[in-house]
Amino acid sequence: MTTLLAVHELAVARGGLRTLEGLDFALAPGEALILRGPNGLGKTTLLRTLAGLQPPVAGRIEAAPDALAYAGHADGLKSALTVTENLRFWAEVFGQSDVAAAIEAMNLRPLAARPAHMLSAGQKRRLGLARLLVTGRPVWLLDEPTVSLDTASVALFAEVLRGHLARGGAALIATHIDLGLPEARLLDLAPFRADPSRKSDADRPAGFNEAFA
Ligand SMILES: Nc1ncnc2c1ncn2[C@@H]1O[C@H](COP(=O)(O)OP(=O)(O)OP(=O)(O)O)[C@@H](O)[C@H]1O
């Protein structure tokens with residue numbers, strides 16, 4: 001398989017209004033694509049649509065059903081469970097068993113026995129990102145993955161990403177900072193801003209997508 005994810009003439013909406021339209025891109029094994037664009041353009045909306053949290057308003061998404069792993073703004077941690085227990089829980093959900101590699105990769109060993117509610121914001125984010133490694137899924141959809149991370153943790157995550165790409169994975173990343181991945185392609189979303197004068201979505205119920213959040 002030469003393509004892990006492809007979108008064709010994709011249009012996405014938030015709150016019943018189109019944000020982006022006419023999107024065409026593909027991700028092959030080993031590729032990272034960085035989404036660029038000003039606040040509010042629709043990067044989160046695009047990632048949520050690709051993750052299956054809301055339907056597209058037009059176009060097609062091609063990916064194997066079990067190919068995608070989404071890391072959004074919320075870390076989605078179980079606060080009473082420890083770091084290790086959180087990872088075991090997620091590994092089980094995704095049919096995996098090994099969490100040791102994820103703990104090592106995101107430097108969580110010293111925190112392994114600590115409940116998630118006792119972690120700092122950056123530590124929680126490291127755990128949230130470690131979760132990607134226990135999904136076993138090839139395409140990572142990442143929404144501002146480095147928020148709350150210090151410089152060393154950003155570098156650590158860039159290493160994790162490089163390893164994922166080297167193993168034939170791919171990543172689509174919305175980020176405003178330089179991740180230190182010179183091999184990544186950039187996709188400027190500004191040319192795909194939806195035309196606000198379009199009326200074709202008026203018949204879609206506003207907020208429909210939120211039912212799937
Ligand atoms: N829950 C919501 N209901 C209605 N509209 C929303 C909702 N959340 C966001 N929007 C609007 O949808 C548009 C796209 O938002 P989105 O979060 O996808 O942008 P973004 O490109 O990810 O922005 P940022 O860089 O600030 O994270 C924005 O104009 C935003 O105001």
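Across which strands does α1 lie, and at about what angle to β1 does this helix run? In this predicted model, α1 lies across β1, β2 and β4, and its direction makes about 120° with that of β1.

**View 1**
Three strands make up an open sheet with antiparallel pairing, arranged in the order β2-β1-β4. Because β2 (17-27) and β4 each have a single partner strand, they stand at the edges, and one side of each is left without a neighbour in the sheet. From one strand to the next, the twist averages 30°. Strand β1, which spans residues 5-14, is joined to β4 in the antiparallel sense over five bridges, and in this part of the structure His-8 stands opposite Arg-60 of β4.

**View 1. The surroundings of the ligand.**
Twelve residues surround the ligand, and the closest are Arg-14, Gly-15, Asn-39, Thr-44 and Thr-45. Helix α1, formed by residues 43-50, contributes the most to this shell, with three residues. Sorted by class, the shell holds eight polar residues, three charged residues and one nonpolar residue.

Five strands with parallel pairing form an open sheet in the order β5-β6-β7-β3-β8. The edge strands are β5 (68-71) and β8 (185-188), each of which pairs on one side only. On average, and with direction ignored, neighbouring strands of this sheet are turned by 20° against each other. Helix α5, made of residues 151-166, packs on the sheet and touches β3, β6 (139-143) and β7 (170-174), while its direction makes about 145° with that of β7. Strand β3 (residues 32-36) runs parallel to β8 and is joined to it by four bridges; within this pairing, Ile-34 has Leu-186 of β8 as its bridge partner.

**View 4**
Four bridges join β5 to β6, and the two strands run parallel; the bridge partner of Leu-68 in β6 is Val-139. In a regular strand the side chains alternate between the two faces of the sheet. Along β5, Leu-68 and Tyr-70 point one way, whereas Ala-69 and Ala-71 point the other way, and all of these residues are buried.

Ala-64 is placed in the loop between β4 (58-63) and β5. Because 12 other C-beta atoms lie within 10 Å, Ala-64 counts as exposed, the cut-off for that class being 12 or fewer. The C-alpha atom of Ala-64 is separated by 27 Å from that of Leu-179, a residue 115 positions apart from it along the chain.

**View 2. Two loop residues with a positive phi.**
Most residues other than glycine have a negative phi. Asn-107, although it is not a glycine, has a positive phi of about 55°, and this residue is found in the loop between α3 (100-105) and α4 (121-133). Asn-107 counts as partly exposed because it has 14 C-beta neighbours inside 10 Å. Glu-144 is likewise not a glycine and has a positive phi of about 45°; its place is in the loop between β6 and α5. With 18 other C-beta atoms within 10 Å, Glu-144 is partly exposed.

How values were computed. Residues numbered from 1 in each chain as written. Predicted model: local features only at pLDDT ≥ 70, side-chain atom pairs only at ≥ 80, totals over all residues. Near = placed C-beta within 6 Å. Nonpolar A, V, L, I, M, F, W, Y, C, P; charged D, E, K, R; others polar. Pairing = 2+ DSSP bridges. Axes fitted to C-alpha atoms, helices over the stretch in contact; angles between N-to-C directions. Contact = placed C-beta atoms within 7 Å. Buried ≥ 20, exposed ≤ 12 C-beta atoms within 10 Å, placed from the backbone.
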